[in-house]
Amino acid sequence: MSKAEFRESGLVAKKMKKITSAPQNVDYCKSADCQDRLGDLPDCLIHHILSFVETKDAIRTSVLSKRWRHLWASVTCLNFNSKSFARLVEFKKFVLWVLSHRDSSQVKVLIYSRFGVDYATDQYLLNKVIEYAASHGVEEIRINLRAKTCGSPPVEIPLALFACQSLKMLEFKDCHPTNVSFPFGCTSLETLHLERFSMHPAASNFSNPFASLAELFGFTTLTTLHLNSFCLCYTGIDSLDPFGNCVNLKTLHLSEMSFQSDLNPKDFVISAPQLKSLSLMCNRFKCKVIVASPQLTNFSYLYSTRSSFLEFTLPSLDGLIIDIHELHDQLEKSPHKKRRDTLHGLVNMIRGRCNSEAVKLSFCTVAVTCGTAVSLKPESLSFSKLKLLNFGVGSTYKIFINNLDHIAAYFRNCSQHADFEVVTI
């Protein structure tokens with residue numbers, strides 16, 4: 001959408017709010033001898049505006065005029081949310097009514113959020129919604145089945161989802177699938193986001209807890225993968241490398257991941273060959289995490305376990321941006337030795353890029369490592385090729401970091417190049 005159209009849509013939204021809140025009069029603009037901005041908009045722009053609201057609200061616009069009466073029926077986004085209804089039975093009736101009264105236009109996006117019952121979701125309704133969207137060329141599906149207390153009611157993932165060749169993006173939240181495999185799985189997915197997606201016990205693969213997910217959703221086609229709030233089973237081999245076959249994966253985000261017991265792999269390896277962006281946030285792995293992705297350019301890390309467990313095994317690739325955060329309150333309360341080991345580990349993460357000539361550190365990374373540089377011996381952590389270290393710290397923010405000169409001097413001493421340079425943005 002152009003800037004002019006974007007500005008116009010803002011005016012339309014304000015105008016619509018004024019009309020719907022005032023006493024209903026479809027000839028309001030005409031009687032006031034005003035320009036009919038809503039009536040002058042093309043259908044495609046109105047459809048774009050309505051795609052940002054729930055389907056229930058989009059249908060309400062049908063009272064504005066004769067022209068608006070059926071516009072909702074061709075909006076390319078279906079957004080159903082049970083929280084907008086007093087009872088689940090009313091939500092079900094509304095969803096089925098929409099599916100039967102909508103026209104044959106494509107459904108690009110389906111958002112289905114059903115909250116409430118602890119012991120089960122409405123399997124029939126979920127099947128109907130997925131089947132309808134799949135038969136209308138859906139490209140993006142977002143499903144949230146949050147229960148009142150237990151979180152993830154059991155549900156069978158509709159087979160129509162796996163057979164949908166148009167689907168590019170899929171998001172599941174709070175889902176406990178009972179079907180653990182499918183003959184061909186998703187073959188067209190590019191983006192997958194799973195949050196609190198607890199696999200059925202029959203799906204447990206103790207040598208690789210990611211195997212069932214990969215089988216269901218076709219990891220080999222993915223370019224973006226987000227896995228949040230997973231508790232994994234593992235009693236297998238020493239080294240676990242779940243993403244090595246993800247040949248197209250470019251973005252990986254792992255957050256709040258843990259193993260169910262002390263039976264952790266010795267090494268958790270991330271070796272996707274095309275991976276460029278990696279985020280590890282608040283994971284609780286009691287093992288060494290080895291990052292061995294040769295194309296990595298962006299690495300984000302939020303401290304939750306000892307950083308000394310993390311190791312880079314990468315070729316000489318310049319331009320890596322390292323962004324490290326720490327939970328300051330927890331670290332300040334930790335014993336002195338644990339704090340020392342953790343901060344040393346953060347510096348060791350940077351040291352892992354010793355084959356690069358240029359590395360950029362974010363503001364947070366510089367802030368959490370400055371206090372450590374004073375106590376480390378440069379000769380024990382020498383950098384073989386590092387010529388340029390870019391601190392992502394503008395002049396305005398330097399006042400918030402203590403001992404900035406110490407870490408600059410530390411890395412300068414580590415470098416074997418006389419022309420080593422430290423710059424700030």
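Me: Why is Asp174 called buried?
Reply: Buried means under 20% relative accessible area, exposed over 50% and partly exposed in between (1.4 Å probe, protein chains only). Asp174 has a relative accessible area of 1%, so it counts as buried. One thing to know before we go on: this is a predicted model, where local features need pLDDT of at least 70, side-chain atom pairs count only at pLDDT 80 or more, and totals for chains, interfaces and linings use all residues. Residues are numbered from 1 along each chain as its sequence is written, and side-chain values use heavy atoms, with hydrogens and water left out.

Me: What makes the phi of Asp174 worth a look?
Reply: Most residues other than glycine have a negative phi. Asp174, though, has a positive phi near 55° and isn't a glycine. Asp174 sits in strand S5, residues 169–177. Strands here are DSSP runs of E with at least two residues, helices are runs of H or I with at least four, and both are numbered from the N terminus.

Me: What is the phi of Arg196, and where is it found?
Reply: Arg196 has a positive phi too, about 50°, and it is not a glycine either. You'll find Arg196 in strand S6. Its relative accessibility is 30%, so Arg196 counts as partly exposed.

Me: How do you know whether Glu195 is buried or exposed?
Reply: Check its relative accessibility: 14% for Glu195, so it counts as buried. Glu195 also lies in S6.

Me: What makes the Glu195 and Arg196 pair a polar contact?
Reply: A polar contact is a pair of N or O atoms within 3.5 Å; within protein, one must be able to donate a hydrogen and the other to accept it, and residues adjacent in sequence count only if both atoms are side-chain atoms. The contact between Glu195 and Arg196 runs side chain to side chain at 2.9 Å, so it passes.

Me: Which other residues is Glu195 in contact with?
Reply: Contact means heavy atoms within 4.5 Å. Leaving aside neighbours within four places in sequence, Glu195 is in contact with Phe172, Lys173, Asp174 and Asn228.

Me: How do you know that S6 and S7 pair?
Reply: Two strands pair if DSSP finds at least two bridges between them. S6 (residues 191–197) and S7 (residues 224–232) have five bridges, in the parallel sense, so they pair. Across that pairing, His193 stands opposite His226. S7 also pairs with S9 (residues 251–259), in the parallel sense over eight bridges. There, Asn228 stands opposite Ser255.

Me: Why is strand S1 called largely enclosed?
Reply: Five of the five residues of S1 (residues 77–81) are buried, so the rest of the structure largely encloses it. Cys77, Asn79 and Asn81 point one way, while Leu78 and Phe80 point the other way. S1 pairs with S2 (residues 109–113) in the parallel sense over five bridges, with Cys77 opposite Val109.

Me: What makes the crossover from S1 to S2 right-handed?
Reply: With the strands pointing away from the viewer, the path from the first strand over the helix to the second has to run clockwise. The chain goes from S1 through helix H6 (residues 88–101) to S2, and this β-α-β crossover is right-handed.

Me: Why are S8 and S14 called edge strands?
Reply: Four strands form an open sheet in the order S8-S10-S12-S14, with parallel pairing. S8 (239–240) and S14 (310–312) each have a single partner strand, so one side of each has no neighbour in the sheet.

Me: How many disulfides are there?
Reply: A disulfide is a pair of cysteine sulfur atoms within 2.5 Å. By this rule the count is zero. Cys164 is buried, with a relative accessible area of 8%.

Me: What is the mean pLDDT of the protein?
Reply: pLDDT is the predictor's confidence in each residue, from 0 to 100. The mean is 75, and 59% of the residues reach 70 or more. Over residues 8–13, pLDDT is below 50, and beyond near neighbours in sequence that stretch has eight contacts in the model.
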